[in-house]
Amino acid sequence: MPDHPIDEAAFGQLLETVGGDEEFLAELIGTYLADSPNLLAEMRSAIESGETETLRRAAHTLKSTSATFGVSRLAGIAREIEAAAA
């Protein structure tokens, strides 16, 4: 388990990608933090109802966005769920 929950290299790359615009990056982070609980709820509902394609899509989205923001541990868990649902 890493000492820090955020992969600083990935986060730095994201900041570079947005041209160092910290205000825009803050907006992106806000969107990620707002969307992630919804994706988790969608995944939970898909598991309960047996909708594997919905689960796979939600896990894929969570995996990708988490990796983009350097939340590697969550991205890895979502990757495993996505693979299991495929």
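The protein contains four helices and zero strands, where helices (H or I, at least four residues) and strands (E, at least two) are DSSP runs numbered from the N terminus. In sequence order the pattern is α-α-α-α. The model is predicted, so that local features need pLDDT of at least 70 and side-chain atom pairs count only at pLDDT 80 or more, while totals for chains, interfaces and linings use all residues. Residues are numbered from 1 along each chain as its sequence is written, and side-chain values use heavy atoms, with hydrogens and water left out.

Along the principal axes, the C-alpha atoms fill a box of roughly 40 × 25 × 20 Å. The accessible surface (Shrake-Rupley method, 1.4 Å probe; for residues, only the protein chains shown count as cover) comes to about 5600 Å², and carbon and sulfur atoms account for 56% of this surface. Of the 86 residues, 27% are buried; buried means under 20% relative accessible area, exposed over 50%, and partly exposed in between (1.4 Å probe, protein chains only). Contacts are defined by heavy atoms within 4.5 Å. Among contacts between residues at least 6 apart in sequence, 46% join residues at least 24 apart.

Gly-12 is located in helix H1, which covers residues 8-17. Gly-12 counts as partly exposed because its relative accessibility is 34%. The C-alpha atom of Gly-12 is separated by 28 Å from that of Arg-56, a residue 44 positions away along the chain. Thr-54 belongs to helix H3 (residues 52-68) and counts as buried, its relative accessibility being 17%. When residues up to four places away in sequence are not counted, Thr-54 touches Glu-42 and Ala-46.

The protein carries 6 positive and 15 negative side chains, and the centres of the two sets lie 11 Å apart. In this count Lys and Arg are positive and Asp and Glu negative, with His and the chain ends not counted; each charge is placed at NZ of Lys, CZ of Arg, CG of Asp or CD of Glu. Asp-21, Glu-22, Glu-23 and Glu-27 form a negative surface patch. Patches are made of residues with over 30% relative accessible area and no salt bridge, like charges being joined within 9 Å and nonpolar side chains (Val, Leu, Ile, Met, Phe, Trp, Tyr) within 5 Å.

Side chains of opposite charge can pair when their charged atoms come close. With a salt bridge defined as a side-chain nitrogen of Lys or Arg within 4 Å of a carboxyl oxygen of Asp or Glu, the count comes to four. Arg-56 pairs with Glu-53, the closest N and O atoms being 2.6 Å apart. These two residues are three positions apart in helix H3 and therefore separated by about one helical turn. Both are partly exposed, with relative accessible areas of 23% for Arg-56 and 39% for Glu-53. Glu-53 also forms a salt bridge with Arg-57, with an N to O distance of 3.8 Å. Arg-57 is likewise in helix H3, four residues from Glu-53, or about one turn of the helix, and is partly exposed at 43%.

A further salt bridge joins Arg-56 and Glu-82 (4.0 Å, N to O). This pair links distant parts of the chain, as Arg-56 is in helix H3 and Glu-82 in helix H4 (residues 72-85), 26 residues apart. Glu-82 is buried, with a relative accessible area of 12%. Glu-53, Arg-56, Arg-57, Lys-63 and Glu-82 are linked in a network of salt bridges.
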